[in-house]
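User: I have a model open and want to learn how to read it. Can you take me through a few features?

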Amino acid sequence: MLLLLHGYGSNEEDLVGLAPHLNPSLISVSARAPYELPFGGFAWFNIERGEEGIRFDYDQAWDAVRQVDALVNEIRGDYSPSAIVIAGFSQGAAMALALGLSRPDAFIGVAALSGLCGEELMPSDRESVRGLPVFMSHGCQDDMISIEQVRAAKPLLEACPVDLTYREYETMGHTIDAVCLADFKAWMEDCLPVR
């Protein structure tokens, strides 16, 4: 199963378009963030933009992580999937990383597409994530989350003993282009259990 977490200001329909491009044996589930925004769409947590880039409301983020964790438990009870990959785009990427790294036993892979990680979202027991496959991708032309901010955050993941696949795309903006999608698909195939 693939659990998809959308970005800030979007909704659960945003990432379902990925499913037809991935392994047909996957069941894709897309979740809606809990906070409705005044201009439309939904958010996992509040963000602020400053000179140093995007800042997270970590209390809200952890509250949303707990809600997604409860959803994962419901999915396990209702569908009994053999394995789950969690993937998020933009703000959803931070969510996927936070939950995946805090519950590495629950996932066979974590994908962060065009998003960030923060020190407060890293696991307290870094050894617990040893070998967990993590895919992180970002566009060098991203005007929402700068590539410089992502490069500055990347060492946080490198300090964990995850199996990190990190990709930058020279011409990609704040999106998932065809090359990124192909890399994500290949990474997903490596994560999935052999049948």
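User: In what order do the strands of the open sheet come?
Analyst: Two strands pair if DSSP finds at least two bridges between them. Strands (E, at least two residues) and helices (H or I, at least four) are DSSP runs, numbered from the N terminus. Here six strands form an open sheet, ordered 2-1-7-8-9-10, with parallel pairing. Strand 2 (28-31) and strand 10 (163-169) are at the edges; each has a single partner strand, so one side of each lacks a neighbour in the sheet. Neighbouring strands are turned by 15° against each other on average, direction ignored.
Analyst: A word on the source: this is a predicted model, where local features need pLDDT of at least 70, side-chain atom pairs count only at pLDDT 80 or more, and totals for chains, interfaces and linings use all residues. Residues are numbered from 1 along each chain as its sequence is written, and side-chain values use heavy atoms, leaving out hydrogens and water.

User: How many bridges join strand 9 and strand 10?
Analyst: Strand 9 (residues 133-139) pairs with strand 10 over seven bridges, in the parallel sense. Pro133 has Asp163 of strand 10 as its bridge partner.

User: Is Ser137 buried or exposed?
Analyst: Buried means under 20% relative accessible area, exposed over 50%, and partly exposed in between (1.4 Å probe, protein chains only). Ser137 sits in strand 9. It is buried, with a relative accessible area of 0%. Contact means heavy atoms within 4.5 Å. Not counting residues up to four places away in sequence, Ser137 touches Ala112, Leu113, Ser114, Gly115, Arg167, Tyr169 and Cys180.

User: Which strands does helix 4 lie across?
Analyst: Axes are lines fitted to C-alpha atoms, for helices over the stretch in contact; angles run from 0 to 180 degrees between N-to-C directions. Helix 4 (residues 178-191) lies across strands 1, 7, 8, 9 and 10, at about 180° to strand 9. Helix 1 (residues 58-79) lies across strands 1, 2 and 7, at about 155° to strand 1.

User: At what angle do helix 1 and helix 2 cross?
Analyst: Their axes come within 10 Å and cross at roughly 65°. That makes helix 1 roughly perpendicular to helix 2. Under 35 degrees counts as roughly parallel, over 145 as roughly antiparallel, 65 to 115 as roughly perpendicular, the rest as oblique. Residues in the contact include Trp62 and Val65 of helix 1 and Met95 and Leu99 of helix 2.
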